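Dear colleague,

Please read them with the coordinates open.

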Amino acid sequence: MKKIINTFKRAKANNQRPPLSFEIFPPKGVLTNDAARETASKLVDLHPDFVSVTYSAGGSKNSNATSEIAAILQDELDMTAMAHLTCSSASEEKITAALDDLQEKGIENVLALRGDLIEGQTPSTRFRHATDLIPLLKERGFCVGAAAYPEAHPTMMDLDEDLKYLKAKQDAGADFFVTQLFFDNECFYRFWDKAQAAGVTAPITCGIMPVMSKEQVQRMVFMCGVSLPGRIVKILNRYANDPESLRKASIEYAADQLIDLADHGVDGLHLYTMNKPEIAQQCLALLRDSWRQ
């Protein structure tokens, strides 16, 4: 397979459209991987440049699902996979075992994350931040992605302070960044300008998630600290009792975000699919229609 950083470099060198990628998450508990396989198989025809697979939670009985699904993407579906790896509660032995497993499965790309502690977990003394994990990944030859936060990490009040951590991830060896979701492109453009001024030169791909319900938005605002533009608020209010119309309007909003970002020449576009391939299909149809015009 291929290292994702080369996809970004090739697109920039050849003045091509920004690379497109999706995110899926593993089944929970004792479920098989069949559902994830079915979801991923419906994304093949959309020709993503890569697909990221979120990390199965520490308490899951299916803790190997991330690497298993990433291997399915590569071996069965011929797609480039990126496996998420969190370290907030991990010992060096556990991380070493995880990296051995990924390399045995032929996974070359990893998104290095601190991750949040689950109730009952003990904080790692070896890996306190993603910057502690990234050098180990680089030593093992992985292509490393890391997280970026256009409106600052939820635990930080100041974007300028958060950008110091972003630059530290790059200095530690991060090859590229994937942003937390955002609903206001202007927030991203301000962040992008500040990141470049802070010395961040690694590609930054933009994370976009269509809104499917008011409850979903409330969780995102609380968990991620994202801003809600007036248009999103109006969509939620207008279609509060009309799920089908809300879905359509939200997909159109997300597609408009993607179109605007592509027009501004961003490094990449990353769609949080919520394991609903039809959302990706509809968003990309609108995006590609705009490119043909």
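Gln-216 lies in helix α8 (residues 214-224), where helices (H or I, at least four residues) and strands (E, at least two) are DSSP runs numbered from the N terminus. This is a predicted model, in which local features need pLDDT of at least 70 and side-chain atom pairs count only at pLDDT 80 or more, while totals for chains, interfaces and linings use all residues. Residues are numbered from 1 along each chain as its sequence is written, and side-chain values use heavy atoms, with hydrogens and water left out.

Gln-216 has a relative accessible area of 6% and is therefore buried, a term that means under 20% relative accessible area, with exposed meaning over 50% and partly exposed in between (1.4 Å probe, protein chains only). Leaving aside neighbours within four places in sequence, Gln-216 is in contact with Met-209, Pro-210, Val-211 and Met-274, contact meaning heavy atoms within 4.5 Å.

Apart from neighbours within four places in sequence, Ala-174 is in contact with Ile-134, Val-144, Ala-146, Lys-169 and Ala-202.

Turning to the helix pairs, helix α5 (residues 130-139) and helix α6 (residues 159-172) pack at an angle of about 20°, with their axes 8 Å apart. Axes here are lines fitted to C-alpha atoms, for helices over the stretch in contact, and angles run from 0 to 180 degrees between N-to-C directions. The two helices α5 and α6 are therefore roughly parallel to each other; angles under 35 degrees count as roughly parallel, over 145 as roughly antiparallel, 65 to 115 as roughly perpendicular and the rest as oblique. On the α5 side the contact is made by Ala-130, Thr-131, Ile-134, Pro-135 and Lys-138, and on the α6 side by Ala-168, Lys-169 and Ala-172. These residues divide into five nonpolar, one polar and two charged, counting Ala, Val, Leu, Ile, Met, Phe, Trp, Tyr, Cys and Pro as nonpolar, Asp, Glu, Lys and Arg as charged, and the others, Gly among them, as polar.

Within α5, the residues Ala-130, Leu-133, Ile-134, Leu-136 and Leu-137 are buried, and what covers the buried residues of this helix includes β3 (81-86), α4 (92-104), β4 (109-113), β5 (143-148) and α6. Just after α5, Gly-141 takes a positive phi of about 90°.

The axes of helix α9 (residues 230-238) and α10 come within 9 Å and cross at roughly 165°, so α9 and α10 are roughly antiparallel to each other. Their contact divides into six nonpolar, one polar and three charged residues. For α10 and helix α11 (residues 277-292), the axes come within 9 Å and cross at roughly 45°, which makes α10 oblique to α11. By class, the contact of α10 with α11 has eleven nonpolar, two polar and three charged residues.

Finally, the largest nonpolar core has 97 residues, and those with the most contacts inside it are Leu-73, Ile-95, Leu-137, Phe-177, Phe-188, Phe-191 and Leu-261; such a core is a set of buried Ala, Val, Leu, Ile, Met, Phe, Trp, Tyr and Cys residues joined through side-chain atoms within 4.5 Å. Helix α10 (residues 243-263) gives the most to this core, with nine residues. Leaving aside neighbours within four places in sequence, Phe-191 is in contact with Ala-148, Tyr-149, Pro-150, Leu-159, Leu-163, Leu-166 and Ile-204.

With best wishes
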